[in-house]
Amino acid sequence: MTLITTWLGAFITLCCFSFLYKDNPFYRFAEHLFVGVSAGYLFTTIEFHQALKPNLLSKVLPATFGVGKDAFNAPEYILLIPAFMGVLIFFRLSSNLAWISRYSFAFVMGVSTGLAIVYTTQTSLLPQIKKAIVPLFVQGDLLASLSNWVLVIGSISCLFFFFFSTEHRGPVYGTVSRIGIWFLMISFGAAFGSTVMGRISLLIGRFQFLLGEWLHLL
Amino acid sequence: MDFLLKLKDLDRRVIFVFIALAVALPLLFKMSFPVVPGRNVKSLFAHLDKLEPGTRTLLSFDFDPASAPELHPAAVAVLVHMFRCQLKPVCMANWPVGGDMAQSALEEALRIFKETPDEYYRQVGKPVPPTKDLKKGVDYVNMGYKPGGMAHIKGLIHDYLKAYPLDKDGAATGEMPIFDLPNGKKFTLADAGLIMSFTAGTGGIEVYIGLGGEHKRPMAASCTSVNIPKFYTYLQTKQLIGLVGGLPGAAECEALIDYKGPAQRGMAPQSIAHLVIMLFIIVGNIAYLYELSKTKKA
């Protein structure tokens, strides 16, 4: 069985790599296979067995779907409300009745937005502002002082750049926003470098599979 | 010098061949470069070393096979270290196939842990674990995937098992000893000695950081290379105690557990491929400047 899966994996990998030469039927076959298998696997194996069954069916119908002591629990019929809202989403498939699904989407969007505001404030906004307030002169530590200057100048100049109510001109506004562009360029460079590193890592992973597990050359 | 102008129109497939060779040849010739662990990885391992044996840790596998070459080796190394420190990892996933990723990492980590000789523990000054046959539900558990993102994680802070009546394999979690804490209470997110997410994109460690004010647990992340610049900001604010960045970070983890796995073996091709890309960027820029000067002269 391992032999078959390894050969299949190698074949699909080579099909995907063939796109580097040019678009071809092998690549399209691999692409369509991936989409189909992912959708099927996601719904049957994962969503049903890891979400729908333990979190809905085993609680609404514990005698049938419950495992262990949970089989003797009282049914939690209140869960039928979110289940009903979930079913409403399937009305998206009908062009005439698609409006019904909006009630469920409205609920999900409301909850998500509320949580996202708290989450963004707590993860990014407040801690980052707090940590940007740093002493510009650290006694006996030249490197820390320099680092803090870079942090403060970088933060202020980048914020200046994203202030679009005034034209980016003049000795103060123009200069500061230009410094902001330099900081942004450096950060884009860092992001690009990291992206290249990530893509090469993925390529290494595939080569380790092809040369090692498939061809046994490593 | 006109060959420089020809380089500007170089077929991209030639570059692909160079990159393929830069990756394949170091692997075939088993080239290896030294890996020196950085402070972001060391601080994570130092935290794990400080935790009491038996402490439950929460590992969230928020990635899929597309990011596995970068995150899987890191997950294996962290799990091996946890087993060697006699910690009890509770694995879960916010990404649909994360449960399968956790299962694969657990199987490999258990094998490496089992093969660890007693001599290793004497060398690093750790007590030899009482058993090397770790049991599911007692020493580790894989809870699998649950949808819901932040709303789901929020619920786990006060009642972990309500959202997880069954583990990934369908076994009842209420009867698993791993969730019985020494103080007689049931495990919740707020009891974890560390919350760590293997994050490939959204819905990973940032969800736990967002709820940091509620669970108040130390957090760490292992992320893909693409996310490193973004997650560095969380290190600076001390919202994360450690960060394992991409394949190099995973190689540092492997170096710390004294295991030469795929990440350490991948460092030579990684470095050589980077050199080739740098070379192409430099040559491309020289060609561009040469063309510019020629146009100006004309």
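A residue is called buried here if 20 or more other C-beta atoms lie within 10 Å of its own, exposed if 12 or fewer do, and partly exposed in between, with C-beta atoms placed from the backbone. This is a predicted model, in which local features need pLDDT of at least 70 and side-chain atom pairs count only at pLDDT 80 or more, while totals for chains, interfaces and linings use all residues. Residues are numbered from 1 along each chain as its sequence is written, and chains are lettered from A and ligands numbered from 1 in the order in which they are written.

**View 1. Chain A is built from helices.** Chain A has seven helices and zero strands, giving the pattern α-α-α-α-α-α-α along the sequence. Helices (H or I, at least four residues) and strands (E, at least two) are DSSP runs, numbered from the N terminus. Of the 218 residues in chain A, 10% are buried. The radius of gyration of chain A is 27 Å, whereas a compact globule of 218 residues would have one near 17 Å; this radius is taken over C-alpha atoms, and the globule rule is 2.2 Å times the number of residues to the power 0.38. Along the principal axes, the C-alpha atoms of chain A fill a box of roughly 70 × 55 × 45 Å.

**View 2. Chain A is divided into domains.** The pieces to look for are domain 1 (1-75), domain 2 (77-133) and domain 3 (140-206) of chain A, with bounds that come from an automatic or database domain assignment. The centres of domain 1 and domain 3 of chain A, taken over C-alpha atoms, are 41 Å apart. Two residues are in contact if their C-beta atoms, placed from the backbone, lie within 7 Å. Among contacts in chain A between residues at least 6 apart in sequence, 15% join residues at least 24 apart.

View 3. The C-alpha trace of chain B spans about 85 × 45 × 35 Å along its principal axes. Of the 298 residues in chain B, 47% are buried. For contacts in chain B with a separation of 6 or more, 76% come from residues 24 or more positions apart.

View 4. A nonpolar core is a set of buried Ala, Val, Leu, Ile, Met, Phe, Trp, Tyr and Cys residues joined through C-beta atoms within 7 Å. The largest one has 89 residues, and F61(B), A74(B), A75(B), L79(B) and C91(B) have the most contacts inside it. Helix α4 (residues 68-84) of chain B gives the most to this core, with 11 residues. In soluble globular proteins, nonpolar side chains tend to be buried together. Leaving out residues up to four places away in sequence, C91(B) touches L59(B), F61(B), A102(B), L106(B), V141(B), N142(B) and M143(B).

**View 5. Strands β5 and β6 of chain B run side by side.** Strand β5 (residues 219-223) of chain B runs parallel to β6(B), and four bridges join them; two strands pair if DSSP finds at least two bridges between them. Look for A221(B), which stands opposite L243(B) in β6(B). In strand β6 (residues 242-245) of chain B, G242(B) and V244(B) point one way, L243(B) and G245(B) point the other way, and all are buried. In a regular strand the side chains alternate between the two faces of the sheet. Together, β5(B), helix α11 (residues 228-236) of chain B and β6(B) make a right-handed β-α-β unit. Right-handed means that, with the strands pointing away from the viewer, the path from the first strand over the helix to the second runs clockwise.

**View 6. A200(B) sits in a loop.** This loop lies between β4 (195-199) and α9 (205-210) of chain B. A200(B) counts as buried because 25 other C-beta atoms lie within 10 Å. Beyond its neighbours within four places in sequence, A200(B) has contacts that include D62(B), F63(B) and T224(B). A200(B) and F61(B) are 139 residues apart in sequence, yet 9.1 Å apart in space, C-alpha to C-alpha.

**View 7. K216(B) and D258(B) each have a positive phi.** Most residues other than glycine have a negative phi. K216(B), in the loop between α10 (212-215) and β5 of chain B, has a phi of about 55 degrees. K216(B) counts as exposed because it has 9 C-beta neighbours inside 10 Å. D258(B), in the loop between α12 (246-256) and α13 (262-265) of chain B, has a phi of about 60 degrees. D258(B) is exposed too, with 11 C-beta neighbours inside 10 Å.
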